[in-house]
Amino acid sequence: MEHGVIFFQVLLLGLFSQSEGPKHWRSAKAEVTAIQGESATLAWSINLTDSDVNKTWTYVKIIHAKGPYTEELVTFEKTGKKTIENPSYSSRISDMTFNVSQSGSAVNIRFTMTNLVRATDMKSYKAMLGFNSDASTYPDVTILTILVKPHSNELKIKPEKNTYCLGDKVIVTCKADGIPPPQISLFLNGKLIQSENTSVAVTLSLNVKGEKNLDCVTNNTAGIGQTSNVKLVVKEPPKIGLCRINDEEVTTKSVIEGTKVIITCEVAGSEPLGIAWYKQNVQTPLSGSKTLTFDSIHRRDSGQYRVKAYNGRECEHTAPKILHVTVMYLDEPQVLGKKYKVFSPSNPKVHFKVNVDGYPRPNFTCRREGGSGSSFTNVSIAHQVPGSKWILSVYIFATADEKYYCDVRNDAFNRLIKFKVYKQGPPKKINGTFILTNASWSENLKNPSSGAYFKLNTKINQTLELVYANEEFVTAWRILSFVNRKGSVGVNFQLDVIANVTDPIILLKHAVDKNGGKLNGLSIDRNSIKTGYLSPPKDGETAGKATESDNKTGMYVGIAVGIFVLLVLSLATLWFYSKRRGERVSDRRSNESTGMEMIRFYGESLASPQDNAAESLLDISTPTPAAAGKERKAPHCKTCHEPMKGHKKGKCSNSPQGGNVTFERTIEKCSDGTTTTTGRVTFLPDMLERNGNQ
């Protein structure tokens, strides 16, 4: 066999005599081997008898032998005609050729097939040589065996992935088909790791990161088959190294609420590296960077945090790292109830309860303000679940109006809570006022028997109840009157107070502020809430609201009057100075005269109608004879001060000029609560004489 062409030589066992007898075929090999896809030539030789030497052959047949049966494959005629006898070979007529040559009595037959196909061509063959009247067939069979190069290579890795994690184990298998069965050789990065017949199976431990090349090489006597190869990548799994909380190499840390907290972890491994932060029992990641930052950490951020690193699905088994963050906090203590209590001398013990929310457990110290001693009979703290709430109970034996404080602190904060106790005393009445901005004035509000008065009175009493019902120092409240305040309703009310509270009226202002200017459906002007009494408008004083046209008219009139007054004052000033220069001499002579000057003056208005004393200050300046008998406004005297009631006469002998002064006052109370004082002052002659001689 050379270059895929196989020649079958039929060996001559002996030469037939020239006498008549049967034709003799030379013996041939029983088996011939060829390679699939290549070409093979089968050859037979026959010796003719003497009588047949001169005969001419007419055809050659190639026959498939199937046991005792035969099947004609193809017929080649001497004329060159080729006939396919088996229809399954019709498409391969061009693959089959023959050649017959004769030299004397020896006839040589050559049959060639190209593009050998194993399934159809690997059979037993016979040859037949035909003459005009008879034919001769090769008595034995020649078996054509076709060799097949390794094919259908299959290289597999389990588990089947493109990328693997360092430390993974994989099973590599390689197999191929061929005749004869091929030799399988497995190479890792060019190095033979195993060789077997038919198939190879090997388990590899991936202990080195990087790229790996696996090659499967097959071969048999027919040749070398195709080489299969696989490339796999081995990653180094991510490793979480040192972690820091606010630059401290710790995994557990307590921090203060409101501070900035930064948690970082070092991560190593094959790229691309990723990182994710999770809070305990939360599946959604908080951050995808190496740093988890809280700009202002809150108590709800306390808990366990899990950081996980990854660089693909190949290394999901990387263990996460757990960190614990505890947030310390302490809220402002909240008094359950009021921060002040009223005690009676018969029962001086008072009790305060304070709600404290904080972690860790707060400590406390309670003292009397301004003193080192303590009048606390008992101070206790109890835990209130759920959460970190604590109840502080404070018991005090009070003796007077005093202030107390408790210092509450933990590792996070220091808070201060103050209390005040008032000693119960005799009731006193405190008047207060405010103005309603969503109620219009009605004259019916002057009549306590009217329905409008009753309805508004009830509404305001309910409002005051909301403010003062829980105040221990207020025992009662009432409405005194309603007043027209430029079309709005002014309210005068009164509180009965049994303790020395600085300003009980301010509690109403706090309530209005807290509710956005409204309280129980009433809109209250917060700036109008004051201690005192609103008086009704005086006779002739308008109480209604000015219209826009009235305001404009008043403005124009005011401007005109102002200009007129400025002109008059300018002319009067010029006239006064020109006349004054001519009267200087006569004024000096007139100082020798005696006379009296009558002065009418008015005392200042008092703050409220409850003040019983009206006080006036007389500032007595030097009188002149020219002014005697005239009345003028008297300036207040800061050196002669005498409170008076009703109608009273008195005497002041310490005036700035010396001498004696006789005065008389009359005090009149007005309907709006103010007081007017009128009086007459008489200067004695000796005083005028002294002043005239100066």
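**Entry 1: salt bridges**

I began with a network of salt bridges that links Glu257, Arg299, Asp331, Asp357 and Lys389. My criterion for a salt bridge was a side-chain nitrogen of Lys or Arg within 4 Å of a carboxyl oxygen of Asp or Glu. The model is predicted, so I kept local features only at pLDDT of at least 70 and side-chain atom pairs only at pLDDT 80 or more, while totals for chains, interfaces and linings use all residues. Residue numbers run from 1 along each chain as its sequence is written, and side-chain values use heavy atoms, with hydrogens and water left out.

How many salt bridges does the structure hold? I found 25.

I then looked up single pairs. Glu471 and Lys338 meet through their side chains in a salt bridge of 2.8 Å, N to O. This pair links distant parts of the chain, 133 residues apart. Glu471 sits in the loop between α2 (451-468) and β36 (474-485), and Lys338 in the loop between β27 (334-335) and β28 (340-343). I took helices (H or I, at least four residues) and strands (E, at least two) as DSSP runs, numbered from the N terminus.

Is Glu471 buried or exposed? I noted it as buried, because its relative accessibility is 4%. My classes were buried under 20% relative accessible area, exposed over 50%, and partly exposed in between (1.4 Å probe, protein chains only). Lys338 has 30%, so I noted it as partly exposed.

Glu154 and Lys156 form a salt bridge of 3.8 Å, N to O. Glu154 is partly exposed at 30% relative accessibility. Lys156 is partly exposed at 41%.

**Entry 2: strand β37 and Lys429**

Asp496 forms a salt bridge with Lys429, and their closest N and O atoms are 3.2 Å apart. Here too the pair links distant parts of the chain: Asp496 is in strand β37 (residues 488-497), Lys429 in strand β35 (residues 428-440), 67 residues apart. Asp496 is buried, with a relative accessible area of 10%. Lys429 is exposed, because its relative accessible area is 53%.

I stayed in β37 for Gln494. Gln494 is buried at 12% relative accessible area. From Gln494 to Lys429 I read 6.4 Å, C-alpha to C-alpha, for residues 65 apart in sequence.

Which residues does Gln494 contact, leaving aside neighbours within four places in sequence? I listed Lys429, Ile430, Asn431, Ala476, Trp477, Arg478 and Leu480. Contact means heavy atoms within 4.5 Å.

The side chain of Gln494 makes two kinds of entry in my polar list: one with the side chain of Asn431 at 2.8 Å, and one with the side chain of Arg478 at 2.9 Å. I counted a polar contact as a pair of N or O atoms within 3.5 Å; within protein, one must be able to donate a hydrogen and the other to accept it, and residues adjacent in sequence count only if both atoms are side-chain atoms.

**Entry 3: Lys61**

Lys61 is in strand β4 (residues 59-66). Lys61 is buried, with a relative accessible area of 13%. Its side chain joins that of Thr75 in a polar contact of 2.7 Å. Beyond four places in sequence, Lys61 also touches residues including Glu72, Glu85 and Lys126.

**Entry 4: strand β22**

Strand β22 (residues 261-268) has a covered face of Val261, Ile263, Cys265 and Val267. Strand β20 (residues 239-245) pairs with β22 in the antiparallel sense over 5 bridges. I called strands paired if DSSP finds at least two bridges between them. Ile263 is the bridge partner of Ile245.
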